[in-house]
Structures are given as structure tokens and as C-alpha cells.
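Please look over the structure first.

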Amino acid sequence: MIFKFEPIYQTRVWGGKMFSEILGRNINSKEPIGESWDIVDRNETQSILSNTDSKGQSLRELIESNPKGMMGPKWSRERAFPILVKWLDCSERLSLQVHPPEKLAQELHAEPKTENWYVAFAQKGAGLYAGLKKGANRENFELALMENRAENLCHRIGSIKNDSLLVKSGRIHAIDSGNLILEIQQNSDSTFRVYDWGRTGLDGKSRELHIKESLKCINFEDFEPTAIRSSDDSPEEILAECKYFRIRKFNCKEPKKIKIKEPDSNCALIHVVEGSLQINEETIIKGEHAMSPYAQDCLITSKGLSTFLVTDNFV
């Protein structure tokens, strides 16, 4: 058994039409859609089950009904699902921002957030901002903020399809225009915006900045990180491994079966980025996700040329 959920679309000033044009989703909106929250368990936002006899239940209700079977024997009924999965349509550049590290989150009334970006599509010249250029420090960065040239001290790398980058809490970052990103992150919605390129929001007003909080959170010793340039040829590779989650990538060149976990071993998320998969009686197509609960094994059947990611080790 696997579980699938309805996407929740979010309007963003930097969004566009890539969910429709690249993922093939039917979205009827005149507003720029920047985010699709595809797996989320938060008080203010809940994923709704789209398959099985429990269709219409929230993710929270699903876990509360069977916490051990869904998440494992040590999982408490009250604990939220720890991962938030989003698609990001970055048709325009996102703000320069930072997420609070664990040691500062409580002080700042926020939640820590480490996230991973997987580039599913990138236009020519697209890029990612991550970390600082060598030689940057807090003093010259604050001066650059006052002079509206903060990007000059931030490290930018070109992005292409299949790139993967782990953005740890405390790392200053921004996604530049022209990227379709699969973001897999801690269950958090805390972002401190430090610089917004002089842009206004959809209401025509300047968006709020959090400079004081950002300067507390930025790791000023984080210089020029690099992305993992993953392959279309490797059968399996690890894209990210940290204390919060592990992400593996699988490429299939022909129909095959892949067992990603045994029963009573893990809860896992499956993310299809190319082609389609069969799991039991369910088909998962490009852009979709599925949850395989702790108590079940998970045997994936690739229907041909396909690429998918698996997120686990978050319990």
C-alpha cells in the first residue's frame, strides 16, 4: 500500500507556469503559482489523501489513526510528519534569505530548516545562490546590504537539470530565475528575508525584510559550496545525507523492479521526476509523490525510462 496526496498551490510573486508546461498539471489560475506543497503536515496546512479507502483524510489523521504502522514503533501519535515536500516554479528570482539554525530557532520564535534542492529543469543561464564568496564577512556584508549590492558577496553557481544542493540552516541562499526545483525539507515554514533585489510584492508594496534576524542566523564561514551534478546513467546514487533525511536517486533505462525497503524498516517517500512508476496497483507519474508506510515493504516497477528519488531515514 502507498499513499498519495492532493497538491496545495501557493501564489508567489516569482512564480510562473512551469507546473503546467513541464509537469503537465492542469492549473486554472491567472495568478503566478510559485509553490506546490505536495506533502505537508502543519496546523495551518494539511495534505489530503487522494487514494485508498481513506481518501479525503488529512495526513495528520492518517498518522494518528496508526502511528506505529505509518511511522514506526517509537512514533508518538501527536508528532507531526517531519518532512515537507514542495515543487518550486522559480520563473523569477527568489529573495536572498536564510533559515534559522537549531541553536537560534527558539530565541527567534522560529523553526530550524535544512532543505535540499533538486533541479528538475533549468533554462539556459539559470543559477543558484548558496553561501558567501571568499572574503565576505559580517562587516562588509552589512555594508553591502545598505548599498543594495548584497548579491556581489554571495556565491552563485550555474544550475542544470539533475543538480542537487543541500541548503543547511544558516546558509544564505536564493534560487535564481529559470529553475524548476523539487525541494525536500524539514517540516518548517520559517524564512528570514535579507534582500529582495528592490522588488515589490503582488500588492505593489515592498516585501518585509528580516535583516536583524538574518544577520544572527547567517553562517559567515560558509564559503562557495558546490552542487552535486548527478547523472542520468548511474542506477543509484546518494544526493543528500544529513541528520534530518537521506535522499537517493534511481535511474531506470528499461522496465525493471527495484525494492527500496523491507517491511518494518522505514517510512519512505517516492518522488517521480521523469517517466512513471508502478507500486502495487498505483501508478505514479512525473511530478507525483507517494508515501510508503513503515509497516509495508515497497517494490517499485519502472515502466521504462524513468528517474525517481527516495527520501527516508527521517525517523
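Which residue in β18 is the bridge partner of I279? The partner is E282. Keep in mind that this is a predicted model.

**The sheet**

That bridge belongs to a wider pairing. Strand β17 covers residues 276-279. Strands β17 and β18 pair in the antiparallel sense, over four bridges. Both sit in an open sheet of four strands. The order across the sheet is β15-β20-β17-β18, with antiparallel pairing. At the edges lie β15 (256-261) and β18 (282-285), and each of these pairs on one side only. On average, neighbouring strands of this sheet are turned by 30° against each other, direction ignored.

**Residue H289**

Now turn to H289. This residue is found in strand β19, which spans residues 289-292. Is H289 buried or exposed? H289 has a relative accessible area of 6%, and the limit for buried is under 20%, so H289 counts as buried.

The side chain of H289 makes polar contacts with the side chains of D38 and W87. The table gives the distances.

| Side-chain pair | Polar contact distance |
|---|---|
| H289 and D38 | 2.8 Å |
| H289 and W87 | 3.3 Å |

What else is H289 in contact with, leaving aside its neighbours within four places in sequence? Besides D38 and W87, the list holds F3, K4, I39, V85, L182, I270, H271 and I284. One of these, I284, falls within the residue range of edge strand β18 (282-285).

Note on methods
Residues are numbered from 1 along each chain as its sequence is written. This is a predicted model: local features need pLDDT of at least 70, side-chain atom pairs count only at pLDDT 80 or more; totals for chains, interfaces and linings use all residues. Side-chain values use heavy atoms; hydrogens and water are left out. Helices (H or I, at least four residues) and strands (E, at least two) are DSSP runs, numbered from the N terminus. Buried means under 20% relative accessible area, exposed over 50%, partly exposed in between (1.4 Å probe, protein chains only). A polar contact is a pair of N or O atoms within 3.5 Å; within protein, one must be able to donate a hydrogen and the other to accept it, and residues adjacent in sequence count only if both atoms are side-chain atoms. Contact means heavy atoms within 4.5 Å. Two strands pair if DSSP finds at least two bridges between them. Axes are lines fitted to C-alpha atoms, for helices over the stretch in contact, and angles run from 0 to 180 degrees between N-to-C directions.
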